[in-house]
Amino acid sequence: MLALLSIEWLKLRKYRTFWVLLGLFALLLPLWNYEIASGVLKLGGSGKDGINLLNTAYSFPEVWANLGFWGSIFILFLSILVIIITTNEYSFRTNRQNVIDGLTRMQFFHTKVLLVVTFSLIITLYFLLLGVLFGKGYSGSFSGAFSDLKSVFYFFVMCLDYMGLALLLSFAIKRSGLAIGLFLLYSMIIENIAKGIINSYADAPYGNLLMLQCSDELLPFPLMMMTKAIISQVDKISKETYLAVTLGWCAVYYFAGRAILRRNDW
Amino acid sequence: MQPILSIQNISKSYGPVRALNGVSFDVPESSVFGILGPNGSGKTTMLGIILDVLVAAGGTYSWFGGIPHAEARRRIGSLLETPNFYHYLSGYDNLKINATIRQLKEDDRDRVLKQVGLLERKHSKFQTYSLGMKQRLAIGAALLGQPKVLVLDEPTNGLDPAGIAEIRDLIRTLHRQGITIIIASHLLDEVEKVCTHVAILKRGDLLVHGPVNEALRNEDVIEVRATDMHALEEALKQMAGISSTKISEGTLLLACEQGTGPVQVNEYCISKGIVLSHLLLKKKSLETKFMELTNN
């Protein structure tokens, strides 16, 4: 496993696109959250006119849910990075060369799966670090810091879900432009349309169980949670169900990717 | 002696196009084995299958008597179709990846880069290399770890005449060291100059295979004319050592087996009381032979 990851590291360590996108993610995620927490980004206006609804949400334990929600938007960009890295292998035909040099097809496949898992772990650790810094900064102490740690786990699962789908699309489509286009179209538009249609006909919001939406439901928009709490609305689908379905989708990506790489010509 | 590579009944289709029809042959150890054929004959498909980047529709192959394929590939230096490298990495960094996957203990990147004449440019990015330099890097990658077997698909692609001569010398040198080299080419010249064995493919069919001097035996043709062409043909049809006769434009063409030449033909005719007015030995070139094999 480490041998496979070290091969991947040799490919990435001098790849500028990788470092730039990763660096921007690392820089912009805290900056964005800081702006929201300190009230620079406001809803319903700008400057002193807007209402800063979110600035209390960065103390423990709410910080996890908040960071998690905004993080889910930033994960899109890291998913694109996964697509670029994987489709590069096809455009350089290095996927062939890796096999010719002695990897099995499945080792090549698992190298990329490991990459997604490793990315997810690193991003989650970074998420944990930001959570501690923000939480400490805004609540002044660590009280309640660990009462919502399952959000950290949800964040990890969401990373796997997004980047897993990105990886499967890369294997299936092989061309970076088309794969990125379809991934963005799906995540931003197609899934929302499909979700809307399903939810308007079904007696429960089953549309929320779609590939990316189900992990989004693990870390919903913070204001939505507040509103739901106020009107004491109970979700028809539990967090546990969303978690199970998300992990189910990850398994689908894994086995579909395997099947594609095993059967086809490279 | 156990063959380095044994191919059994390999077939492959691309949709309705049959790329390989039940091809079987063995590659003996220490041979320079040429896979020869015109464009689109299935050479690269064949190599793609034995290197596991293409999936055969039927048939099997075994390396070194049947060790696991991935392990075999780590012991083989291969160049398939085009040089495949990470564009944003230098030649030197690219070779590190090849060597790591091949699980080579020793770092001999400088040695192979020197061998293919890229040492000065080793830290330049792959995308800045010329076509010839990319090809050289690919050959260098195949030479990493001094493998006992090389698979080279059109190794002289993109090289200038000096580069082609260098590669030819390299192949000869490696052959002298006992290394088995499988080389696919549509350049006859290349194969004729370096190969010990050959397999000729045409639209997916294996036409002939074996040692070069058997598979591509240069049959000589003798042209003869006499006053009575009919009597001449009748007489020579009976002669031992003549495999076929054909009259073309008033001249009788004789295909001869080895050991039969103009002297034997002349003696035979005199003994039959026929006087020849024309006797000419025509050496058939390898190219003509190749055209004959692949064109009809």
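**Notebook: sheet of chain B and the A–B contact**

I looked up Gly34(B) and found Val198(B), in strand 8 of chain B, as its bridge partner. The model is predicted, so I note the limits: local features need pLDDT of at least 70, side-chain atom pairs count only at pLDDT 80 or more, and totals for chains, interfaces and linings use all residues. Residues are numbered from 1 along each chain as its sequence is written, and chains are lettered from A and ligands numbered from 1 in the order in which they are written.

Next I traced the pairing. Strand 3 (32-36) and strand 8 (197-202) of chain B run parallel and share four bridges. Strands pair if DSSP finds at least two bridges between them; helices (H or I, at least four residues) and strands (E, at least two) are DSSP runs, numbered from the N terminus.

I then read the whole sheet of chain B: six strands, open, mixed, in the order 5-6-7-3-8-9. Strand 5 (76-79) and strand 9 (205-211) of chain B each have a single partner strand, so one side of each lacks a neighbour in the sheet. The twist averages 10° from one strand to the next; axes are lines fitted to C-alpha atoms, for helices over the stretch in contact, with angles from 0 to 180 degrees between N-to-C directions.

Helix 6 (161-176) of chain B lies across strands 3, 6 and 7 of chain B, at about 150° to strand 7 (180-185).

Last, I checked the contact between chains (C-beta atoms, placed from the backbone, within 7 Å). Chain A gives 22 residues and chain B 24. On the side of chain A, helix 4 of chain A has the largest share, six residues.

Notes. Two residues are in contact if their C-beta atoms, placed from the backbone, lie within 7 Å.
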